[in-house]
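Hi,

Here is the structure I promised to pass on. My notes on its aromatic rings follow below it.

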Amino acid sequence: ILAATLIGLPWADGGRSPVGQVALVLLLGLAGAAGFLARDVRPPLRPSLLLALGAILVGASALQTIHPDRTIHALLLLVAYLLAAALAARAARDAPWTERALLDAVSLSGLLVVGLGTLWLIRGNDGGFYANALIGPFGYPNAVAGFLLLVGGAAAAALQSDWSRIERGAALVACAACLFGLYFTRSRGAWVAVAVGCLCWASIQWQHEWSSRHLWVVLAALTLLAGLSLAGSRVAGLLPFLWPGGPELPADTSVQWRLSILRWTWAMIRDHPWLGVGPGAFPVALIHYQQIPYLSGENPHNLYAEIAVEYGLIAGLLFSVGLAICLVRVAMATRRISATHPVRGRRAALLAALVAFAIHSGMDLDWSFPAVALLAAVILGLAAAGLPLRHPRSPRYPSLWRTAALLVLAAAAILALTRYYSATLVAWGRDALAAGDLARAEQYLIRAQHLNPLSFSA
């Protein structure tokens, strides 16, 4: 179920369409239910202080949100991502062949996105602002870049000697396709993330692959690559902000937009420092801060700032610290594996992909696309599968635990279905209103409001 979702979700507008979102929650709920119905009913997410504190902060922020409908939507997706990471980690521990299946599915998904995206690029992408960039089914080149960063890491993880030649050949083709696709996305930030990810991989593998001199050569080459990627109009666009009295240079609207929205984001954090504006409510709160000429925006192009705005500054710091601790633990566990063991190379590649994605998420809106976020969650689960488990034990009341977990998953599935059907009715109501059929439009909108009373659009 998880592998099929990884392959199919990018084609639902990167997972942003109503069909993609309801499919994600339903399918992950089904996968979670299948896991809980197995004979072994150990919880896939073990209790911990960080997890408990994070749940408290998320719940408190959700209770005082400024937009309940968006908050429910964000929490449903968050549950799906947590399930994906937990199920991937547990499957990789209990049945190692599932890790191979998931990585093969990721490579196939990347090949499909690059292949069809390139075909559309040759045809001109139906014109528009991104007619000359690779946008694939996502409709946005930087989202494709974030997706390909993760796919490239997953494909590199499959290039180990313990896998068959066919799998390694397909993984090699996927790696080449990802580099090709990254070039045509025109994303400079993605190349910076690639450079940092490669440095992370080299720092783990250099004792096995190279001498320290070779490591410094790679460091210099990647630093040059990062410098070249930032050269040009982007640097020129930054100079007026860094040196207001300097000569006037051609403006880079992308840089201006990012700097402006980060200023507004910081103002929102100052006004709502403790619990934020509510999960998923950033676009609604932004309306009260943005100024001409920028009168739209769904994301501050920085995952960490967005979490601080929506969940509160403490939750933002907790997420950043928790992610850093997780990545450091994975790196330490990987370094303890024998230098010649293929698992070490696989874990190092997955870790490098996560580090590159973490860097890119600080510069763009990768996380706003559920297909990209789901892939990141699965790779995080696979990378964390090798961490040592502390005090593994079954719950004291397994039947109670199983019942509670299944009830939560059933509630999430029902909410996803009613929200999707409500959105469909709203769309039908708007069409009827445009056609002048007021009675039918009113009927559709009233039914939509009954299914989703928190929706403002109905």
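**Aromatic rings**

Y81, F357 and W367 form one aromatic cluster. Before the rest, a word on the basis: this is a predicted model, where local features need pLDDT of at least 70, side-chain atom pairs count only at pLDDT 80 or more, and totals for chains, interfaces and linings use all residues. Residues are numbered from 1 along each chain as its sequence is written, and side-chain values use heavy atoms, with hydrogens and water left out.

Rings of Phe, Tyr and Trp (its six-membered ring) count as a pair if their centres lie within 6.5 Å; planes under 30 degrees apart are stacked, over 60 edge-to-face, and the rest tilted. That rule gives nine aromatic pairs. One of them is F138 with F147, a tilted pair at 5.2 Å centre to centre and 50 degrees between the planes. F138 and F147 are both buried (under 20% relative accessible area; exposed is over 50%, partly exposed in between, with a 1.4 Å probe and protein chains only).

F357 and W367 are tilted too, because their planes are at 45 degrees, with the ring centres 6.2 Å apart. This pair links distant parts of the chain, 10 residues apart: F357 is in helix α15 (residues 342-361), W367 in the loop between α15 and α16 (370-384). Helices here are DSSP runs (H or I, at least four residues), numbered from the N terminus. F357 is buried, at 5% relative accessible area, while W367 is partly exposed, at 30%.

Two arginines also turn up over rings: the charged end of R16 over F369, 4.5 Å from the ring centre, and that of R186 over Y183, at 5.4 Å. The cut-off there is NZ of Lys or CZ of Arg within 6 Å of the ring centre and within 35 degrees of the ring normal.

Cheers

Notes. Helix = DSSP H or I, 4+ residues; strand = E, 2+ residues; numbered from the N terminus.
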